[in-house]
Amino acid sequence: MNHKEKCECETCNDVAAGMTYEEAMIKRKEWENNCLKEVGWFAHYVGDDKNYPTEFNAHTHGLVEKYNHQDLQIVVPLPPAVCHGIFWNIIKRIEKGEKFKSGDVISDIAENDYKTKFVNAWENDRPVLRVIIPDKDHNLDRGKFTSEFFDLQYADLDPDYE
């Protein structure tokens with residue numbers, strides 16, 4: 001298990017409550033399967049993912065199978081509830097038949113009429129659409145952010161793959 005010392009994920013909470021790691025993983029897989037069956041998708045929120053420059057990786061599973069649409073990813077460390085709200089807002093539009101691709105910029109996803117942008121990315125070994133979160137000045141493009149931290153959303157991407 002590769003979690004930080006004070007990890008608050010459901011699996012670690014179950015282990016802390018007395019389950020074995022194997023029991024906690026079985027419970028998680030049952031939850032994931034139930035979500036896929038009843039809702040069609042689920043999301044993971046990994047707050048210590050060293051594979052990403054921001055060390056954060058929120059991503060969905062199930063959109064390909066349910067909607068023939070790439071899964072989504074957010075790498076700006078936002079609270080899970082905020083990421084989930086953004087995912088839901090996008091998925092509601094996908095449910096209505098919209099298809100998003102790299103380069104698309106859309107509104108009505110985040111509060112304060114912030115626009116978001118999609119870029120092609122990889123989440124482990126699968127292609128996803130990364131949801132680019134704007135900075136406070138509504139910037140979305142590589143090199144235009146007022147904070148270098150927001151540029152990290154592009155740091156692990158091949159410029160030709162966007």
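Begin by selecting Val119, whose bridge partner in strand 6 is Arg130. Strands, like helices, are DSSP runs numbered from the N terminus (strands: E, at least two residues; helices: H or I, at least four). The model is predicted: local features need pLDDT of at least 70 and side-chain atom pairs count only at pLDDT 80 or more, whereas totals for chains, interfaces and linings use all residues. Residues are numbered from 1 along each chain as its sequence is written, and side-chain values use heavy atoms, with hydrogens and water left out.

**Strands 5 and 6**

Two strands are taken as paired if DSSP finds at least two bridges between them. At the turn of this hairpin, two residues lie between the strands, and Asn124 takes a positive phi near 55°. Next, colour strand 6 by accessibility: six of its seven residues are buried, that is, under 20% relative accessible area with a 1.4 Å probe and protein chains only, where exposed is over 50% and partly exposed lies in between.

Contact here means heavy atoms within 4.5 Å; axes are lines fitted to C-alpha atoms, for helices over the stretch in contact, and angles run from 0 to 180 degrees between N-to-C directions. Strand 3 pairs with strand 6 in the parallel sense over three bridges, and Leu72 stands opposite Leu129 in strand 6.

**The nonpolar core**

Show the side chains of Leu72, Ile74, Phe87, Ile90, Phe118 and Val131, the residues with the most contacts inside the largest nonpolar core, which has 31 residues. Such a core is a set of buried Ala, Val, Leu, Ile, Met, Phe, Trp, Tyr and Cys residues joined through side-chain atoms within 4.5 Å. Helix 4 supplies the largest share of this core, six residues. Centre the view on Phe118, which stands opposite Val131 in strand 6. Beyond four places in sequence, the contacts of Phe118 include Leu72, Ile90, Phe100, Ile106 and Leu129.

**His61**

Move to strand 2 (residues 57-61), where His61 is found. The side chain of His61 makes a polar contact with that of His59 at 3.3 Å. A polar contact is a pair of N or O atoms within 3.5 Å; within protein, one must be able to donate a hydrogen and the other to accept it, and residues adjacent in sequence count only if both atoms are side-chain atoms. Neighbours within four places aside, His61 touches residues including Trp41, His44, Asp71 and Arg126.

Finally, select Pro53 in the loop between strand 1 and strand 2. Pro53 counts as partly exposed because its relative accessibility is 36%. Leaving aside neighbours within four places, it contacts Leu152, Ala155 and Asp156. To close, colour by pLDDT, the predictor's confidence in each residue from 0 to 100: the protein chain averages 88, and 91% of the residues score at least 70.
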